[in-house]
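Please read it alongside the sequence and the coordinates.

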Amino acid sequence: MSDPALLPPRGEITKEKRAEALRRVNRSGRRIAAFWEWAKSFQIAVILFLFLRAFVVEAFKIPSGSMESTLRSGDFLLVNKMLYGAEVPFTGKHLPRVREPVRGDVVVFRYPGDPSVDYVKRLVGLPGDTLGMRDGRLYVNGQAQNEEYAIHVDEDDDPIYADFDWQRRYVVGGPEAARWYRPSRNNWGPLVVPEGNYFMLGDNRDNSSDSRYWGFVPDSLLRGRPMLVYYSYRPDSTHHVPWLTQIRWHRIFERIR
């Protein structure tokens, strides 16, 4: 048995208990400090992500085949938003541009009929250009264009839609020419692109809802230029989870021209 004289008085804290209590407090303090460090790092990461997404680069998904064969349904794109001047959120204002849009650019823009929807098409007409199409071939300022990227899958059909009627306000020749103007999908123009606007066409000319149908795209609706395909899969596949089993490996990191 222990000698009672050697035991600490009842209620007295020994050195061992004091040291153990300090270790517990230090461990708890380290855990709290580690949590706050993680929280600060997470906040910084979120802020950096939101900044990059708002002003530098953003991801977009291609939902349709209107830009085949340049872009395919199931492609996921990284879009350079700085090039045309990124929009400052909630202000409607834009940062200075790296360069102006040029004819031939593939462009992401807000659909004029519903700005909450994003479209991607090829810019074929700049402000002041005179555009027209004859038998499916595009003419810009009187010159036939050699568009290697454009495809036609239904050349024998040339439908006329009421959607084309808007073109009469911009046809060369004014009201007199507009009286006899009957535009179709493959034969229309010549039209003059107003200042501050652009004319967009899908590369898949026979299966694209584009400026032929709903008009010009105001400069303020431009969002950016796609840089590359960072992921792609075949969404029409009958396989289970096609986004995992039907990946188009050859398109990953393919640059967009």
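The notes below describe a predicted model and cover its strands by topic. An open sheet is built from four strands in the order β7-β6-β5-β8, with antiparallel pairing. Strand β3 is treated separately, together with its partners β4 and β11.

**The open sheet: order and edges**

- The strands at the edges of the sheet are β7, residues 143-144, and β8, residues 188-192.
- Each of these edge strands pairs on one side only.
- Strands of a sheet pair through backbone hydrogen bonds, in either a parallel or an antiparallel manner.

**Strand β5 and its two partners**

- Strand β5 spans residues 130-134 and pairs with β8 in the antiparallel sense over three bridges.
- Within the pairing of these strands, M133 lies opposite W188 of β8.
- β5 is also joined to β6, by four bridges, and these two strands run antiparallel.
- G132 has Y139 in β6 as its bridge partner.
- β5 and β6 form a hairpin with two residues between the strands, in which D135 adopts a positive phi near 50°.

- Strand β6, residues 137-140, has a covered face made up of L138 and V140.
- The uncovered face of β6 consists of R137 and Y139; Y139 is also the residue that bridges to G132.
- β6 pairs with β7 over two bridges in the antiparallel sense.
- V140, which belongs to the covered face of β6, has Q143 in β7 as its bridge partner.
- The hairpin of β6 and β7 likewise has two residues between its strands, and N141 there takes a positive phi near 55°.

**Strand β3 and its burial**

- Strand β3 covers residues 106-111 and is mostly covered, with five of its six residues buried.
- How many bridges join β3 to β4? Six bridges link β3 to β4, which comprises residues 114-125, and the two strands run antiparallel.
- V107 has K121 as its bridge partner in β4.
- β3 and β4 together form a hairpin, with two residues between them.
- Strand β11, residues 222-232, is joined to β3 by two bridges, again in an antiparallel arrangement.

Notes
Residues are numbered from 1 along each chain as its sequence is written. This is a predicted model: local features need pLDDT of at least 70, side-chain atom pairs count only at pLDDT 80 or more; totals for chains, interfaces and linings use all residues. Side-chain values use heavy atoms; hydrogens and water are left out. Two strands pair if DSSP finds at least two bridges between them. Buried means under 20% relative accessible area, exposed over 50%, partly exposed in between (1.4 Å probe, protein chains only).
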